[in-house]
Amino acid sequence: MSVKKKWRNMAAFRELSVEQRIKTLESEGALSGDCAQLLLEQLAQSGETNIPASVANSMIENQIGRFSLPVGVVRGLKVNGVTRDVLMATEEPSVIAAACNGAKIAAKSLENGVTAHSAHYVTRAQIVFEDADSSVAQKLDSIMRDESKRTAISEVARSAHPSIYQRGGGLERAQAAALTGFAKLTLDINTCDAMGANIANTIGEAVKTQLEGWVGRKALVAILANSSRVATVAEARIPVEALVPGEKDGAAGGAEGTRLARRIAALSSLAAVDAERAATHNKGILNGIVAAAAASGNDTRALQAAAHEWAAKSGRYMPLSTWTLQNNGQILYGRIEIPLQIGTVGGAIASLPMSKVALQLAKVNNANDFRNVLAAVGLVQNLAALCALAGPGIQAGHMRLQAANIAIASGARGDEIQKVAHALLNENSSDLNTSSARIILEDLRKRKNT
Ligand code: NDP
């Protein structure tokens with residue numbers, strides 16, 4: 001019997017040991033031999049991170065240590081017809097479990113998973129001048145009307161970063177705008193598969209020097225904008241009975257699913273009129289996206305800044321996703337729209353060995369495909385949270401997963417962690433706290449010593 005079949009028969013993926021999980025992914029072809037080896041070596045060195053000391057010291061200033069988080073995998077997320085495994089780095093116990101639930105539900109959508117599409121991605125840089133009397137705004141406007149100057153700007157950009165042009169990217173659009181007290185030139189730059197912050201800053205600074213010569217004044221700033229006018233859209237149309245845990249058959253499943261779907265749609269409407277709820281709604285979306293972006297070595301702060309700016313672009317902070325009922329309430333339609341400032345190359349991606357594992361598991365070969373996967377992650381993460389909120393509430397599931405953390409906080413180590421967590425879960429929910437855990441731990445240790 002193949003390893004894959006053997007383990008499939010033996011237990012669900014989450015019930016396997018860490019070593020068995022890695023070997024299962026390898027035997028399925030989801031992980032290459034060298035990535036599996038990397039994870040196995042890390043497992044053998046328990047307590048060590050997999051960033052070599054010399055790499056860590058070269059990555060940042062004043063380095064004195066290495067920080068590690070557990071990484072886990074969301075299995076079976078179908079995006080655009082391809083089944084992906086999504087690696088997530090997170091300290092929050094419920095994130096991966098919830099994403100797995102969401103992915104399972106979304107797999108039953110009419111499209112057989114999530115469909116996602118990324119608009120042509122550009123990184124934006126801005127060159128800004130102080131401009132109390134609007135004279136710079138007028139000069140920038142006339143510069144942009146002058147074809148020879150526009151060509152000169154393109155040439156400056158090309159010479160600043162020739163390799164991105166060789167890859168088919170580069171400056172695509174320059175636009176002048178007047179702001180109160182300032183004038184700016186916005187540069188939209190195709191940075192191909194890179195997130196593009198450094199590329200945009202390099203081009204932005206070069207164009208700034210050229211502009212300063214024409215304007216006759218020093219610019220205030222030339223810098224990337226963590227703001228985007230292009231987004232990734234992911235969608236799923238889910239038959240309401242698929243929302244019911246345990247998939248009750250027939251009328252029972254249908255009625256329960258209809259009730260849940262209606263409440264999910266109501267929660268979505270609430271987020272559209274209440275910024276407090278929208279912030280938490282979006283935090284739930286970012287739980288998954290940020291964890292997956294972090295595991296792949298991307299800049300999660302850039303991604304979050306752009307996502308929140310997008311959420312507020314109408315002048316009011318809005319939810320990044322919406323859920324509505326279709327087909328007489330029989331279909332729950334989910335849609336997320338989010339700008340994703342990420343890359344599959346560049347930045348720290350090559351320095352962090354785990355990035356290779358993340359990109360390989362997700363089966364992505366370019367940045368837009370990864371954006372599609374991340375948007376789908378956000379949609380299913382959101383779906384799982386809304387299912388819990390519309391149903392039993394989130395606290396029961398959260399606290400069940402939090403039990404191991406409480407056990408660790410109470411001093412449990414090694415196999416004590418699971419024993420204490422298990423015992424805690426048999427207590428009343430009001431006893432899910434560190435004092436109860438300490439009592440259980442003391443009792444466990446006493447019994448061990450007698
Ligand atoms: P890099 O500066 O690493 O640039 C990416 C490089 O990857 C390119 O210059 C290119 O070099 C190479 N490359 C290889 N293959 C490709 C491909 N298919 N498409 C595009 N480039 C390719 O990274 P970024 O410009 O993406 O900058 C990201 C980093 O910037 C992140 O670490 C981020 O934290 C940081 N940053 C973020 C800021 C912000 O968000 N506000 C501000 C400043 C920095 P070549 O063509 O020569 O091979």
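## Loop residues with positive phi

N327 sits in the loop between strand 9 (321-326) and strand 10 (331-338). Helices and strands here are DSSP runs (H or I, at least four residues, for helices; E, at least two, for strands), numbered from the N terminus. N327 has a positive phi of about 50°, although it is not a glycine. Most residues other than glycine have a negative phi. N327 counts as exposed, because its relative accessibility is 56%. The classes are: buried, under 20% relative accessible area; exposed, over 50%; partly exposed, in between (1.4 Å probe, protein chains only).

N80 also has a positive phi of about 50° and is not a glycine. Its place is the loop between strand 1 (71-79) and strand 2 (82-89). N80 is partly exposed, with a relative accessible area of 34%.

## Model and conventions

The model is predicted: local features need pLDDT of at least 70, side-chain atom pairs count only at pLDDT 80 or more, and totals for chains, interfaces and linings use all residues. Residues are numbered from 1 along each chain as its sequence is written, and side-chain values use heavy atoms, with hydrogens and water left out.

## Nonpolar cores

A nonpolar core is a set of buried Ala, Val, Leu, Ile, Met, Phe, Trp, Tyr and Cys residues joined through side-chain atoms within 4.5 Å. The largest one has 58 residues. Which residues have the most contacts inside it? They are M88, L243 and I338. Helix 14 (residues 367-390) gives the largest share of this core, 12 residues.

## A nonpolar surface patch

L179, F182, L220, V221 and I223 form a nonpolar patch on the surface. Together they have about 370 Å² of accessible area. Areas come from the Shrake-Rupley method with a 1.4 Å probe; for residues, only the protein chains shown count as cover. Patches are made of residues with over 30% relative accessible area and no salt bridge; like charges are joined within 9 Å, nonpolar side chains (Val, Leu, Ile, Met, Phe, Trp, Tyr) within 5 Å.

F182 lies in strand 6 (residues 182-190). F182 is partly exposed, with a relative accessible area of 31%.

## Salt bridges

How many salt bridges does the structure hold? There are 20. The criterion is a side-chain nitrogen of Lys or Arg within 4 Å of a carboxyl oxygen of Asp or Glu. R237 and E111 meet in one of them, at 2.5 Å, N to O. R237 lies in strand 8 (residues 232-239), and E111 in the loop between helix 5 (94-106) and strand 3 (115-118), so the pair ties together parts that are 126 residues apart in sequence. R237 is partly exposed at 25% relative accessible area. E111 is partly exposed, with 25% relative accessibility.

R124 and D188 form a salt bridge at 2.8 Å, N to O. This pair links distant parts of the chain, 64 residues apart: R124 is in strand 4 (residues 123-130), D188 in strand 6. Are these two residues buried or exposed? Both R124 and D188 are buried. R259 pairs with E256, the closest N and O atoms being 3.6 Å apart. Both are in helix 10 (residues 250-273), and they are separated by about one helical turn because they are 3 residues apart. R259 is partly exposed at 38% relative accessible area, and E256 is partly exposed at 24%. E28, R75 and D85 are linked in a network of salt bridges.

## The ligand site

The ligand is surrounded by 21 residues, counted when a heavy atom lies within 4 Å of it. The closest are S163, R167, G196, N226 and D299. Polar contacts are pairs of N or O atoms within 3.5 Å; within protein, one must be able to donate a hydrogen and the other to accept it, and residues adjacent in sequence count only if both atoms are side-chain atoms. A polar side-chain atom of S163 is 2.9 Å from an oxygen atom of the ligand. A backbone N or O atom of M195 lies 3.3 Å from a ligand oxygen atom. For a polar backbone atom of A197, the distance to an oxygen atom of the ligand is 3.4 Å.

Taken alone, the ligand exposes 940 Å², and the protein buries 69% of that. Helix 8 (162-166) and helix 9 (197-215) are the elements that give two or more residues to the shell around the ligand. Helix 9 gives the largest share, 4 residues.
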